[in-house]
Amino acid sequence: MLKIVQRTLNQFIHSQSLSGVVLALAAVLALVASNSPWGDAYERFVHLPGELRMGGGWVVLSKSLLHWVNDLWMAVFFFLVGLEIKRELMEGELASRAQALLPAGAALGGMVVPALIYAAINAGDPVALRGWAIPAATDIAFALGILVLLGSRVPASLKVFLTAVAIIDDLGAILIIAFFYTEGLSLSALAAAGVGVLVLLAFNRAKVMAIGPYVVVGLVIWLFVYKSGIHATLAGVATALAIPLSDGKGGSPLKTAEHALHPWVAFAVLPVFAFVNAGVSLQGVTVTTLLQSVPLGITAGLLLGKAMGVFGASWLLIRFAGARLPAGAGWSQFFGVCLLCGVGFTMSLFIGALAFAGQDAAYETQLKLGVLCGSLLSGVVGALMLLRSSAAGKSPS
């Protein structure tokens, strides 16, 4: 059983690493497109209108391509995140208190400290303060991708630790979105979504093992959640948590769905999200632009806050709560991984889009500059720290 779990984890890590490469290419392509002679065409493409009519016009959804991607397309990503969270909680790295203590505490520290740094830098701007949660996120695909590219220089235990931290981080981001980025709540739509969730739970109790019924009800829940004022992607998480882990015959509907979705999310959902969200014009951007409070707060939060929060919380848990440093890892290597937690990208951009929705376009530009700068610096500095630690470990004493 242990070998099966280890093999599944290895497959997950390597699929995430390749996903990180594709994600990076999509982001670079968006930057190139938006700063080329085709920049206007890129903007028109991103804001292409699309309309969905259901029930003879009873439901009409009219959105731009950007909003369709962020509201519906990304629900698939959140569905996968929900599957990963449930698997980890039931039989993975978070299944016991001893296993979960270090990554859970590290993830909490890695959310609180960046948020405080961002809030301190943006204290004088009420609109900018809405983005306090932007630097609290970790992009699992990018961060793991960097670790895998470093190969055997990094102990496998650190890859497991980073995976657990990122998954808990995603759970934290889901809660933040639900509680802090919800406006104009419709109780009737929320109640209808709640009925859908009860249907999912009934499926689970009735031991319905086919994925199809869950997905159909999940789409209905998505519609009502969208109408309720809560961000619609959370319907994907609710649907995922209802899917059974085991069919009682050695099979796992949850793992089957997870494995089937991974390539689609890695090579379609996230790259499309990156392409339509990462494009930003660099015309007129100077060092002064990057020192504005929003990009500075995001960059400082990701680069400094994440490393300080994850490392500081981990040190306290190891020193006073009986947690242990990941096997085979030294403190300098561990700090390198803490720096990699500052690669925010996907979830940071997603939260930022919610935080500054309907605000001046300047905030959107500053958001993207801060996320790109902070994530890039965290990835480069973290990789260099790990390479230096590895070289020092191999040098003769």
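Contact here means heavy atoms within 4.5 Å. With that in hand, we can walk through the structure, which is a predicted model: local features need pLDDT of at least 70, side-chain atom pairs count only at pLDDT 80 or more, and totals for chains, interfaces and linings use all residues. Residues are numbered from 1 along each chain as its sequence is written, and side-chain values use heavy atoms, with hydrogens and water left out.

Let us begin with D170, a residue of helix α7; helices (H or I, at least four residues) and strands (E, at least two) are DSSP runs, numbered from the N terminus. D170 counts as buried because its relative accessibility is 4%, where buried means under 20% relative accessible area, exposed over 50%, and partly exposed in between (1.4 Å probe, protein chains only). Setting aside neighbours within four places in sequence, D170 is in contact with V81, T138 and M347. Its C-alpha lies 10.0 Å from that of E84, a residue 86 places away in sequence.

Helix α7 also brings us to a helix pair. Two packed helices are described by the angle between their axes and the distance between the axes. For α6 (residues 140-149) and α7, the angle is about 175 degrees and the axes are 10 Å apart. Axes here are lines fitted to C-alpha atoms, for helices over the stretch in contact, and angles run from 0 to 180 degrees between N-to-C directions. The two helices α6 and α7 are therefore roughly antiparallel; angles under 35 degrees count as roughly parallel, over 145 as roughly antiparallel, 65 to 115 as roughly perpendicular and the rest as oblique. On the α6 side the contact is made by I140, A143, L144 and L147, and on the α7 side by L158, K159, L162, T163, A166 and I167. These residues divide into 8 nonpolar, 1 polar and 1 charged, with Ala, Val, Leu, Ile, Met, Phe, Trp, Tyr, Cys and Pro counted as nonpolar, Asp, Glu, Lys and Arg as charged, and the others, Gly among them, as polar.

V199 lies in α8 and counts as partly exposed because its relative accessibility is 31%.

Most residues other than glycine have a negative phi, and most peptide bonds are trans. F345, however, has a positive phi of about 40 degrees although it is not a glycine. It sits in the loop between α14 (331-340) and α15 (346-355) and is buried, with a relative accessible area of 3%. K207 has a positive phi too, of about 60 degrees, and is not a glycine either. K207 lies in the loop between α8 and α9 and counts as exposed, at 61% relative accessibility.

The loop between α8 and α9 also holds M209, which is partly exposed at 26% relative accessibility. Apart from neighbours within four places in sequence, M209 is in contact with P244, S246, D247 and P253.

Finally, what about the cysteines? The structure holds 0 disulfides, a disulfide being a pair of cysteine sulfur atoms within 2.5 Å. The sulfur of C338 is 5.9 Å from the closest cysteine sulfur, in C341, which is too far for a bond. C373 is in no disulfide either, as the nearest cysteine sulfur, that of C341, is 18 Å away. C338 is buried at 0% relative accessibility, whereas C373 is partly exposed at 24%.
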